[in-house]
Amino acid sequence: MATTAQLFEEPFDADEYIERLAWRTPGGGSKGGAEAFDPKRLLEEFVNHIEELKQLDEKIQRRVEKLEHQCHREAKEFAHKVQDLQRSNQIKEAADIIQKLHLIAQELPFDRFADVKAKIASKYHDLERQLIQEFTAAQRRGEIGRMREVAAVLLHFKGYAHCVDVYIKQCQEGAYLRNDVFEDTAVLCQKVNKQVGEVFSSPETIMAKLIQNIFEYKLQAHIKGKLDETRHSDVEQYLKNLYELYTRTTALATKLAEFNLGSDKHTFLSKLIKSIFSSYLESYVEMEREYLRTRGAMILQRYYDSKNHQKRPIGTGSIQDLKERIRQKTNLALGPSIDTHGETFLSPELVVNLLQETRHAFERCHRLSDPSDLPKNAFSIFLLLVDHLCVEHIDYALEIGLAAIPSSDAKNANLYFLDVVQQANSIFHLFDKQFNDQLMPLISSSPKLAECLHKKKEVIEQMEVKLDTGIDRTLNCMVGQMKHILATEQRKTDFRPEDENNVMIQYTAACSKVCAYVSRQVEHVRKSMDGKNVDTVLTELGVRFHRLIHEHLQQYSYSSMGGMLAICDVAEYRKCAKDFRVPLVLQLFDTLHALCNLLVVAPDNLKQVCSGEQLTNLDRNLLHAFVQLRVDYRSARLGRHFS
């Protein structure tokens, strides 16, 4: 069966079309003779084909209508364009004419041509108003070409500035829908920057006016609202807001500086920022200092309240202060020491809070201070940190720690001052780190550097004096405790046993207890000190330990077996001295051990031993003093070896 499309051939003839349809239909033509002709089938084919033709007609009609509509629309648009072009040309011509008339009218005498001048002025303003309306409409429609044409015409009119104002106003419509005025501004300026070059002959001037408008109205209102809201009610939040808003404004200005805003765009943007923030920045450092002063006092008070501690007045010139000074210098007991129950009154949490507040203050100071005032402002913040952290906290804890150190003759004294030393050192390391990391960059190239370093040195020296005093008195207490152990545990019979042949101990009980006590104190010193301070303190403790044992041994007289036991005690003391890891201390006990050999050496060998390597350089009076401790000193006439 033939398709409808196949039957349409050019040129079209209706009779021939029907003949072809019948011939192509099986049983519809003369092919096959009269017997093959089928009228019913031919009728059915005609009916179906007529229906197809109707559908095809409808389809073609729809296409025709669509094409007609399209042609009509394009014709209409073309007519509009022609009309706009004609109108544009007319406006240009009218603008050119009215401009010339306006210039001529300026030269005409007013008394004779008042009416003419008035009519020209009226037409001038009417046309100017029409042009601005036309520009506004074109901007709303997004017709860049039309905007450019009208702007070019308006450029010679007085109302050109008003046209720019309208453009700037319309640019901002719908631009601030989000909750971030800074991000919205950046996006808006990026978009407008692409457009102004296509519309205006001096795009840099338009961009500068847009940015100035945004700063003076949109940004200023936003910033003023945020800052005035907390300025008198919440100083902490106000300072945070000021820092954040100033930072974001300067960051925005950096982005905007990428655009063409004229030759001196950086000065232009700086003036805009200053116009917004000047009143806030003038009072910034005073508010910062007052906030830190209040905040620091609150952090300190909260800590002492948590300890249920009422701060003792640590002043100068009082009787208590005089007593304390005498006590520090002489170790005289001028009344009982205070009991801190092991509390150091130093708080890592408090220190972290103070340093955190100061770090934020330094950051704000760096951002918000005028460069010429930055070193001075940073120094004033540093002084507040010194006052709160070093004076009110560390120095106070040292004073309390010093007052809590018992006298050297106290029994079973608890020595907490080394814990104070340990924590004070840790805190001062944090203080020193902040000084180097955050303060130094702000003052390194200014005269304030010398003041800061002097103040830091002064603080360190004051604390070192108290630390040294406290450590010295603590060592005295340790030696006092050793002396107490020796006095209560050492018996005279230890070195003159009743039965020389029945001595079963390796060293005396007094020696054992002293060594155990010393080992604990050495470990305590190692935990409390750092760096060279460990060796310095252990050297001093070792020397005092040796002096005590040396003087202690000279209080007794020794039999032969007692002398052997004394040597065993000193050997144990020397073993304890190895824990100090200080060569001088070990050398002292080696010498003491060699001296104790004089207590047991045979009388005939005494002279030889005194000339030995370890004793030959010692004062002969010292050697003689040790030999005199022997019970056989007189009977064996040992004094003759030293006469």
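Asp373 has a relative accessibility of 29%, so it counts as partly exposed (buried means under 20% relative accessible area, exposed over 50%, and partly exposed in between, using a 1.4 Å probe and protein chains only). Keep in mind that this is a predicted model, where local features need pLDDT of at least 70, side-chain atom pairs count only at pLDDT 80 or more, and totals for chains, interfaces and linings use all residues. Residues are numbered from 1 along each chain as its sequence is written, and side-chain values use heavy atoms, with hydrogens and water left out.

Asp373 has a partner: its side chain meets that of Lys376 in a salt bridge, 3.8 Å from N to O (a side-chain nitrogen of Lys or Arg within 4 Å of a carboxyl oxygen of Asp or Glu). Lys376 is partly exposed too, at 48%. The structure holds 26 salt bridges.

Arg146 and Glu134 pair up at 2.9 Å, N to O. Arg146 sits in helix H5 (residues 144–154) and Glu134 in helix H4 (residues 110–141), so the bridge ties together parts twelve residues apart in sequence; helices here are DSSP runs of H or I, at least four residues, numbered from the N terminus. Arg146 is buried at 15%, and Glu134 is buried at 12%.

Conventions: Helix = DSSP H or I, 4+ residues; strand = E, 2+ residues; numbered from the N terminus.
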